[in-house]
Structure formats: structure tokens, C-alpha cells
Amino acid sequence: MKLNKILCAGTAVILAGALGGCSMKFGTKSEPKPDAVVAEPTNGGDDSMKITYADFKKEYVYALNGAGIEDDTEESLAERCKTERNTIITYLINERIIHKKAAEMGVFTLTDEEMNAVEESFNSELEEQIEEFAKEAVSDTAQSGATSELSDEEKHELGSQRLDEFLKSCDMTRDDLLTWQVSSAITQKLREEIGKSVGYSKAEEAFLGYEEKIKQLYNDDISQYEQGGFTAVWVPEGARMIKHILLGFDEDTQDEITANRQKGDDDAADKLRKEKAEELQNEVDEVQKKLDDGGDFQTIMLEYSSDSASSSMYPDGYVVIPNGTSYMKEFQEAAFVPEKIGDRTVCVTDYGVHIMIYADDAKVSDEQQKSFTDYLYEQLKSTEFDKKMKEWNDEYAYKIDYKALRLDDPESSTGSSDN
């Protein structure tokens with residue numbers, strides 16, 4: 001949960017330096033009165049589900065202030081602001097519906113444990129915002145010519161003060177932000193409650209179906225299979241885990257090889273590559289001996305490999321599939337030279353000399369399968385929640401005062417927006 005709320009992705013987060021809200025201009029006509037109802041259900045519901053202009057404006061000013069927008073009628077910003085207004089009223093309607101249904105289903109009230117978690121998250125994120133405002137304050141102090149060094153306590157106090165100034169410009173307090181966090185927690189509780197209707201077996205069935213689609217993709221387009229990162233779900237028979245130590249060419253050599261490739265002179269590129277590889281032979285022999293003597297691969301890789309940082313991200317090795325296209329031709333072919341697990345080979349590419357080890361057969365682990373099935377389960381629950389939200393929106397059939405919010409009426413051929 002973030003301070004900008006999970007159902008309102010378009011609403012800007014607090015941005016340091018955006019304190020221009022005092023001169024905010026809205027449209028060309030007078031605004032609706034604060035208690036004017038701008039959205040209400042036409043079928044069922046009660047007064048608590050009505051949305052006033054004051055409710056809307058608090059969110060809207062917060063969004064505009066956060067983005068540093070002082071005039072929402074400026075031509076270059078008008079459409080963006082209209083989109084923001086539509087996003088906000090949609091969010092507020094959804095929030096009212098969620099609160100109503102959460103109460104009906106007995107998940108509106110947070111437990112002490114849940115509330116403590118919300119407050120902990122809220123306080124942590126609040127401190128992050130204070131830190132951002134503090135950085136701005138320090139920068140302003142330096143630009144003003146002040147020479148005294150601020151203590152951490154002074155920085156925090158200035159950041160806290162600027163945060164409160166920002167919120168005041170939005171006619172808000174920190175309590176409003178906490179209220180948003182609580183609302184997000186209620187939404188999550190309702191999501192989980194609705195999600196209980198989705199059995200985990202459906203996710204397992206979905207996994208099998210997804211696996212079949214990936215197999216078909218591999219058969220139809222190996223390149224797309226590789227680029228999609230689907231090896232965490234399914235790998236073809238014969239796929240291998242390859243570890244390597246790259247004794248890389250220097251940058252000038254790589255650039256020259258690349259330049260020759262680009263102008264079509266592969267002979268010159270291959271000649272240079274061969275010469276530079278021969279210069280690395282002593283280092284290759286040194287690494288091979290250490291491996292032969294039982295040296296730890298990870299330790300040797302970190303000592304010698306030019307891409308140790310990248311290789312360290314794949315401690316089990318790289319997945320190389322039969323007929324793959326994502327690696328250089330020489331690396332791809334060399335990966336299938338070793339006959340059994342543990343065997344090594346050496347190849348040369350435009351990047352340098354690779355000492356390669358056939359580390360294991362590639363396979364999808366039980367953990368990977370469970371992780372992806374869990375992901376599908378969350379997606380299914382989310383889909384079920386979205387389905388319920390659509391049903392509930394249809395049930396309450398909210399009427400929106402598009403003119404008051406300066407939005408286009410979807411049922412009007414000319415629209416009713418007035419910037």
C-alpha cells in the first residue's frame with residue numbers, strides 16, 4: 001500500500017517542491033459548492049455512498065499539487081487534468097462500493113494486528129516523504145547562501161514542516177493520508193474475501209494450460225519463447241544449465257570486432273578475435289588448472305570472469321535450450337559439446353574466451369512451479385474481484401454530474417466538458 005492508494009494509480013504521489021496549490025485555478029466558471037453531490041447511486045445505497053464536491057476536490061487538489069500543476073485549464077495540461085478528474089471520480093465511486101460491500105460481508109473493520117500493520121507501513125512511507133522534502137529544504141538552504149550545516153534533526157524538522165505545508169495547500173492533514181491507507185487495507189480484505197471463492201485447483205489447471213501454450217510457442221517460434229522468459233515454467237527436453245567464466249577482450253578490441261562486423265568484414269573480425277584469444281591462452285590454462293585441482297567455481301569465477309556480476313545473478317547457470325537463438329552461435333553450439341554433467345569446454349565469441357561447464361540438466365523446479373501457480377492463483381482471484389466490481393457498479397448504477405466535474409458525458413454526442 002502506497003500513499004497514493006492502490007485503486008487510483010493515476011493520482012500523483014507527493015512530490016517535493018510542488019507547493020503551488022494556493023493559487024490553483026479550476027475551470028472558467030465558479031466551482032460547485034462543497035456539499036454539492038457530484039455522484040450518487042441511483043439504485044439502492046444510502047447517503048454514505050454519495051460523493052460531494054468537497055470529497056472530490058480534496059483528491060483532485062492533492063493530485064494537481066503533487067504534479068506541480070497550478071492551472072488545470074492550461075491548454076497543454078487540460079486533457080491530462082480531465083483524465084485525472086475521471087480517474088478520481090471512478091476511484092471514489094469504487095471506494096464507496098467497496099466500503100459498503102465490505103461492511104455487508106463483515107470485513108470492513110480492521111483487527112488490531114491489521115491496523116498496526118497499516119500504521120507501520122504508513123509511518124515508514126511518511127518518513128520517506130519527509131526525507132524527500134528535507135532534501136529539497138537542504139538544497140534551498142544551500143542556494144540561499146547559508147553556510148551552516150544542518151543537523152539530521154534539523155533536516156527532519158524542515159522536511160516534516162514542508163510536508164505539512166504541502167498537505168495544508170491541499171486542505172489535508174496526515175490523518176487524511178492514514179485514512180487512505182486504511183481504505184486500501186479494507187479493499188485488500190475484501191479482495192481476499194472474494195478470492196476465497198476461487199479454488200487453488202483452478203490455478204493448477206491454469207498452469208497446465210499455460211504450460212501447453214508455452215510448448216506450442218517453443219515449437220512455433222523459439223525466439224519468442226526465449227524472449228518471453230518462459231524457462232521458469234517449462235523447458236524443452238535436452239536443455240542445459242551452463243556456467244561459464246569469461247576471459248573478456250578489452251573494450252577497444254570488442255569495439256573493433258563490432259565495427260568490422262557492421263561493415264561486413266567478418267574475416268577481419270574473426271582474425272582479430274583469434275589473435276586476441278591466443279593472447280589469453282595462459283590465463284585460460286591457469287583457470288582450467290584451478291578447476292582441475294578442485295577449486296570452487298564461484299570463487300574462481302569472481303576472480304577471473306569479466307561478467308562476474310551478471311553471472312552471480314544466475315548461481316545455477318544459464319538455461320541453454322536446443323536450437324536456441326539468444327546466445328552467440330559459438331556459445332550456443334559449445335553448450336552442447338560436453339557429454340556429461342561436470343564436463344567443460346572452451347569457446348571464443350566476440351566478447352572473449354568462455355570456459356564453460358555443463359552444470360546440470362535444465363528443469364523447472366517444484367518451487368518454480370509452485371511460485372508460478374501461486375501467481376496464477378492471485379490473477380484468478382483478481383479477475384474474480386474485478387468481475388464482482390463490475391456487477392456492483394451495475395447494481396448501484398451511479399449517476400455522475402459530469403458538468404460539475406467538467407467531464408464528457410458518455411451518453412451525450414457532444415459531451416459536456418467545459419474547461
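## A buried serine to start with

S308 has a relative accessibility of 17%, so this serine counts as buried, the cut-off being under 20%. Keep in mind that we're looking at a predicted model here. S308 sits in helix α12, which covers residues 308-312. Set aside the neighbours within four places in sequence, and the contacts of S308 are M301 and L302.

## The overall picture

Zooming out, the protein has 419 residues, and 40% of them are buried. The secondary structure comes to 14 helices and seven strands.

How much of the contact list links residues 24 or more positions apart? Among contacts with a separation of 6 or more, the share is 71%.

## α6 against α14

Two packed helices are described by the angle between their axes and the distance between the axes. Helix α6 (residues 200-220) and helix α14 (residues 366-396) have axes that come within 8 Å and cross at roughly 115°. That angle is why α6 counts as roughly perpendicular to α14. The crossing of α6 past α14 is right-handed.

Who does the touching? On the α6 side, the contact is made by Y200, K202, A203, E204, A206, F207 and Y210. Facing them from α14 are Q369, K370, F372, T373, D374, L376, Y377 and L380. Sorted by class, this α6 and α14 contact holds nine nonpolar, two polar and four charged residues.

## α2 against α14

Helix α14 has another partner to look at: α2 (residues 78-104) packs with α14 at an angle of about 100°, and their axes are 10 Å apart. The pair α2 and α14 is therefore roughly perpendicular too.

From α2, the residues making this contact are I93, N94, I97, I98, K100, K101 and E104. From α14 come F385, M389, W392, N393, E395 and Y396.

The axis angles are roughly 115° with α6 and about 100° with α2.

Definitions and conventions
Residues numbered from 1 in each chain as written. Predicted model: local features only at pLDDT ≥ 70, side-chain atom pairs only at ≥ 80, totals over all residues. Heavy atoms only, no water. Helix = DSSP H or I, 4+ residues; strand = E, 2+ residues; numbered from the N terminus. Buried < 20%, exposed > 50% of the residue type's maximum accessible area, 1.4 Å probe, protein only. Contact = heavy atoms within 4.5 Å. Axes fitted to C-alpha atoms, helices over the stretch in contact; angles between N-to-C directions. Parallel < 35°, antiparallel > 145°, perpendicular 65-115°, else oblique. Left-handed = near helix turned anticlockwise from the far one by under 90°. Nonpolar A, V, L, I, M, F, W, Y, C, P; charged D, E, K, R; others polar.
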